[in-house]
Amino acid sequence: QKFENQSNFIQAVYFVAPQGFDLTNNINFVDNSGTNKAFSGGSAKGQSDLQSYFARANYSYNDKYLLTATLRVDGSSKFGLNNKYGYFPSFGAAWRLSNESFIPKEVFSDLKLRTGYGITGNQEFPTNTSLATY
């Protein structure tokens with residue numbers, strides 16, 4: 001999957017005008033010829049790639065005890081050079097109480113107690129943040 005973003009900007013600083021001259025409504029008199037330019041602008045374009053893999057395994061014993069293991073692997077061009085992939089495992093367990101003899105069937109048609117644990121992650125940070133700047 002490819003993502004692309006684009007931005008444009010313009011800024012105005014270092015206004016220079018004759019002494020005592022009000023620039024409020026006289027933008028034509030701005031001096032843009034010196035080393036400190038009053039107007040500057042630019043644009044930026046970034047692209048990032050994302051690859052994701054997903055694996056899941058389920059185990060059921062006697063339709064009462066259920067286990068689930070999941071692994072999501074995300075590879076992103078935003079990650080550092082030595083860490084292009086992030087690994088996000090999760091585990092779950094469930095006990096289907098409605099299949100036990102001590103649970104009254106006329107009260108619960110399907111009753112399950114479930115728990116799980118997992119690691120989450122994302123790539124939602126600006127492109128090139130993993131690179132060193134000087």
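The legends below describe close-up views of a predicted model. Residues are numbered from 1 along each chain as its sequence is written, and side-chain values use heavy atoms, with hydrogens and water left out. Local features need pLDDT of at least 70, side-chain atom pairs count only at pLDDT 80 or more, and totals for chains, interfaces and linings use all residues.

**View 1. The chain and its strands.** The chain has zero helices and five strands, in the order β-β-β-β-β from the N terminus. Helices (H or I, at least four residues) and strands (E, at least two) are DSSP runs, numbered from the N terminus. Of the 134 residues, 17% count as buried (buried is under 20% relative accessible area, exposed over 50%, partly exposed in between; 1.4 Å probe, protein chains only). Among contacts (heavy atoms within 4.5 Å) between residues at least 6 apart in sequence, 51% join residues at least 24 apart.

**View 2. The largest pocket.** The largest pocket holds about 180 Å³ of space. Thirteen residues line this pocket, and Arg56, Thr68, Gly92, Ala94 and Arg114 are the closest to its centre. A pocket is an open set of points on a 1 Å grid over the protein atoms alone, where a 1.4 Å probe fits, with protein on both sides within 12 Å along at least five of seven lines; lining residues have an atom within 4 Å of a point. Grid points are joined across faces, edges and corners, and the volume is the space filled by probe spheres set on the points.

**View 3. The lining of the largest pocket.** Strand 2 (39-61), strand 3 (65-76), strand 4 (85-96) and strand 5 (112-118) each supply at least two lining residues. Strand 2 gives the largest share, four residues. By class, the lining has five nonpolar, five polar and three charged residues (Ala, Val, Leu, Ile, Met, Phe, Trp, Tyr, Cys and Pro are nonpolar, Asp, Glu, Lys and Arg charged, and the others, Gly among them, polar).

**View 4. Two aromatic pairs.** The count of aromatic pairs is two. Tyrosine 61 and tyrosine 65 are stacked, because their ring centres lie 6.3 Å apart and their planes meet at 20 degrees. Rings of Phe, Tyr and Trp (its six-membered ring) pair if their centres lie within 6.5 Å; planes under 30 degrees apart are stacked, over 60 edge-to-face and the rest tilted. Tyrosine 65 is partly exposed, at 38% relative accessible area. Tryptophan 95 and phenylalanine 102 form an edge-to-face pair, 6.5 Å centre to centre with 65 degrees between the planes. Tryptophan 95 is partly exposed at 32%, whereas phenylalanine 102 counts as exposed at 54%.
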